[in-house]
Amino acid sequence: MSAPNKSYDPVEVEALKPEEIERMRDEALAAFAAAADLDALREAKTAHMGDRSPLALANREIGALPPQAKAEAGKRVGMARGAVNKAMAARQAELEAERDARVLVEEAVDVTLPYDRVPAGARHPLTTFMERVEDIFVSMGYEVAEGPEVEAEWFNFDALNFTPDHPARAMQDTFFVAGPKKAETGVVLRTHTSPVQIRSMLDREPPLYIVCPGRVYRTDELDATHTPVFHQIELLAIDEGLTMTDLKGTIEHMARALFGEGLETRLRPAYFPFTEPSAELDMQCYVCRGASVGNPERPCRTCSSEGWIELGGCGMVNPRVLVAAGIDPEKYSGFAFGFGIERMLMFRHNVEDMRDMVEGDVRFTRPFGMEI
Ligand code: PHE
């Protein structure tokens with residue numbers, strides 16, 4: 001700070017001379033204009049507006065002036081500082097706008113570019129569909145059971161009341177497991193999930209409510225409607241007083257849960273050695289709901305205009321099977337049901353070629369959703 005001012009003339013104080021103030025102001029304005037970016041501007045701001053800037057120091061000199069001189073000097077310094085503040089703010093806004101515009105360009109993301117992220121894996125629709133069916137029965141109190149895919153003939157056939165000369169035992173259907181020198185081993189790749197019925201009955205005491213999903217094998221060529229390896233779901237209920245009505249009600253519940261409300265089911269007489277009586281179970285076609293029958297104008301590809309879709313085989317457990325599994329047929333009765341998962345999935349999703357399900361091409365599986 002200068003020595004006490006004797007003339008009371010602000011002009012006499014060097015730092016408060018009008019030219020000095022103007023010079024300080026102009027230097028500040030020039031520095032702001034010259035600042036090329038926000039960092040440079042910040043420096044210029046400290047130099048020209050900070051506590052130790054010439055204008056701030058000049059401002060302090062005012063305090064030393066006699067009262068009558070203070071007003072004019074104060075006004076001069078104040079106006080200069082006001083102009084400097086304004087110029088700084090204007091330059092700051094300008095530089096910020098420039099920076100924002102640059103960031104928008106530099107950091108722009110082209111959302112149309114192909115991405116190279118590794119796609120997440122998902123389970124096959126056959127697996128997720130099987131689980132959905134399982135869930136339907138588990139929610140009714142059924143237990144999930146499993147059995148081996150390489151199975152003793154006794155479980156796969158004998159215990160299920162297949163006589164030794166039953167056609168299903170012939171070579172064209174069954175993969176037999178050969179021993180050394182092709183000797184017979186009494187072991188087969190299971191041709192259906194029904195052997196798990198026997199295993200479950202031997203394992204547990206009735207009442208029994210079992211659902212068994214699994215892979216099965218038959219010596220079919222792979223084509224649009226056959227595959228040598230496919231999946232079935234087996235259902236077995238053993239309790240006191242079970243009848244065909246329980247079977248039908250249970251299956252109707254499943255059909256509703258999978259295909260929606262209002263579809264009829266019907267039982268057609270059939271033959272399986274391990275059920276008596278036996279039936280094929282049909283469900284009304286969920287696509288045309290029967291409207292295509294006798295109506296050439298509206299053919300239905302899903303049911304070939306027959307109005308019905310065959311879901312699988314079923315029936316009341318043959319008492320001979322109960323006996324083979326050590327269950328008293330006088331006390332207990334039961335029903336069983338088995339159907340092919342691939343067929344069911346084909347109907348439900350209008351899949352035309354079974355090979356698509358086997359080949360594992362993600363272009364087929366992706367539309368089913370990427371459920372994990
Ligand atoms: N296991 C039979 C098949 O593979 C289906 C079936 C299961 C039939 C249960 C009746 C009862 O064809």
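Me: Which atom of the ligand is 2.9 Å from an N or O atom in the side chain of S194?

Reply: A nitrogen atom of the ligand is at that distance from the side chain of S194. Such a pair is a polar contact, a pair of N or O atoms within 3.5 Å; within protein, one must be able to donate a hydrogen and the other to accept it, and residues adjacent in sequence count only if both atoms are side-chain atoms. H192 has a polar side-chain atom 3.0 Å from a nitrogen atom of the ligand, and in the side chain of Q232 an N or O atom is 3.0 Å from an oxygen atom of the ligand. On its own the ligand has 320 Å² of accessible area, of which the protein covers 90%. Accessible areas come from the Shrake-Rupley method with a 1.4 Å probe, and for residues only the protein chains shown count as cover.

Me: What should I know about the model and its numbering?

Reply: The model is predicted: local features need pLDDT of at least 70, side-chain atom pairs count only at pLDDT 80 or more, and totals for chains, interfaces and linings use all residues. Residues are numbered from 1 along each chain as its sequence is written, and side-chain values use heavy atoms, with hydrogens and water left out.

Me: How many residues are around the ligand, and which come nearest?

Reply: A residue is near a molecule or strand if one of its heavy atoms lies within 4 Å of it. Here there are 14 residues around the ligand, and H192, S194, R218, Q232 and G338 come nearest.

Me: Which classes of residue make up the shell around the ligand?

Reply: Ala, Val, Leu, Ile, Met, Phe, Trp, Tyr, Cys and Pro count as nonpolar, Asp, Glu, Lys and Arg as charged, and the others, Gly among them, as polar. The shell has five nonpolar, seven polar and two charged residues.

Me: Which strands each supply at least two residues of the shell?

Reply: Helices (H or I, at least four residues) and strands (E, at least two) are DSSP runs, numbered from the N terminus. The strands in question are β6 (229–239), β9 (308–317) and β10 (333–340). The largest share, three residues, comes from β10.

Me: Is D116 buried or exposed?

Reply: Buried means under 20% relative accessible area, exposed over 50%, and partly exposed in between (1.4 Å probe, protein chains only). D116 has a relative accessible area of 75%, so this residue is exposed. D116 is found in the loop between α4 (67–106) and α5 (125–138).

Me: How many salt bridges does the count come to?

Reply: A salt bridge is a side-chain nitrogen of Lys or Arg within 4 Å of a carboxyl oxygen of Asp or Glu. By this rule the count comes to 20. One of them joins E149 and R215, whose closest N and O atoms are 3.7 Å apart. This pair links distant parts of the chain, 66 residues apart: E149 lies in the loop between β1 (143–144) and β2 (150–152), and R215 in strand β5 (residues 208–217).

Me: What is the N to O distance in the salt bridge of R363 and D361?

Reply: The distance is 2.6 Å. R363 counts as exposed because its relative accessibility is 65%, whereas D361, at 29%, counts as partly exposed. Salt bridges that share partners also join R266, R268, D282 and E310 into one network.
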